[in-house]
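Here is a short report on a protein model. It covers charged pairs and a few backbone angles.

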Amino acid sequence: AYRMEVEQLTEWCRSHNLTLNVEKTKEMVIDFRRAGKHHHTPLHIAGAAVERVSSVKFLGLHLADDLTSTTNTTAVIKRAQQLLHPLRRLRKAGLSVHLTTFYRGTIESILTYGITSWF
C-alpha cells in the first residue's frame, strides 16, 4: 500500500509537470514486529533509490525510527544551553527585570515547542 501511494504521488507530480527530488527525499522505516529484523526492499522513485535514515528532522522535531525522544531531547537541551549565556549576561548587567521576558521568549519556547507530540 505504501509503495503504491508513492507511485501514485510520483505519477501525480509527473502529470502536473512537477518532479520529486530523490536526492532530498528520505525514507524512515518504523517496524516493531518481534520476529527478527525484517528486510525492507529499498524504495525507488524514477529509477533512483531513496536514502533510508534512522532519524529525521521534521518541523523542528527530531523523529527516530524507534520512536524514542532521545535525539530530540539532546537537540533541545543543546539549543537551550546555548541561550543560558545571554541570560547570565543580562543578570550580570543588572537587568533582572528583563530576565523573565528573555527566558519566556527564548528558552521556554524552545523547551516547550512540539509539546503536544510528547504525549
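Is Glu27 buried or exposed? Glu27 counts as buried, with 6% relative accessibility. Buried means under 20% relative accessible area, exposed over 50%, and partly exposed in between (1.4 Å probe, protein chains only).

This is a predicted model: local features need pLDDT of at least 70, side-chain atom pairs count only at pLDDT 80 or more, and totals for chains, interfaces and linings use all residues. Residues are numbered from 1 along each chain as its sequence is written, and side-chain values use heavy atoms, without hydrogens and water.

**Salt bridges**

The structure holds 3 salt bridges. Each is a side-chain nitrogen of Lys or Arg within 4 Å of a carboxyl oxygen of Asp or Glu.

| Pair | Closest N and O atoms |
|---|---|
| Glu11 and Arg14 | 2.9 Å |
| Glu51 and Lys26 | 2.7 Å |
| Arg52 and Glu27 | 3.3 Å |

Arg52 in strand β4 and Glu27 in strand β1 are 25 residues apart, so this pair links distant parts of the chain. Arg52 is partly exposed, at 37%. Helices (H or I, at least four residues) and strands (E, at least two) are DSSP runs, numbered from the N terminus.

Glu11 and Arg14 both lie in helix α1, 3 residues apart, about one turn of the helix. Glu11 is partly exposed at 43% relative accessibility, and Arg14 is partly exposed at 48%.

**Positive phi angles**

Asn17 has a phi near 55°, a positive value in a residue other than glycine. Asn17 sits in the loop between α1 (2-15) and β1 (26-27). Asn17 is exposed, at 72% relative accessible area.

Leu59 also has a positive phi, near 55°. The loop between β5 (55-58) and β6 (61-64) holds Leu59. Leu59 counts as exposed, at 62%.
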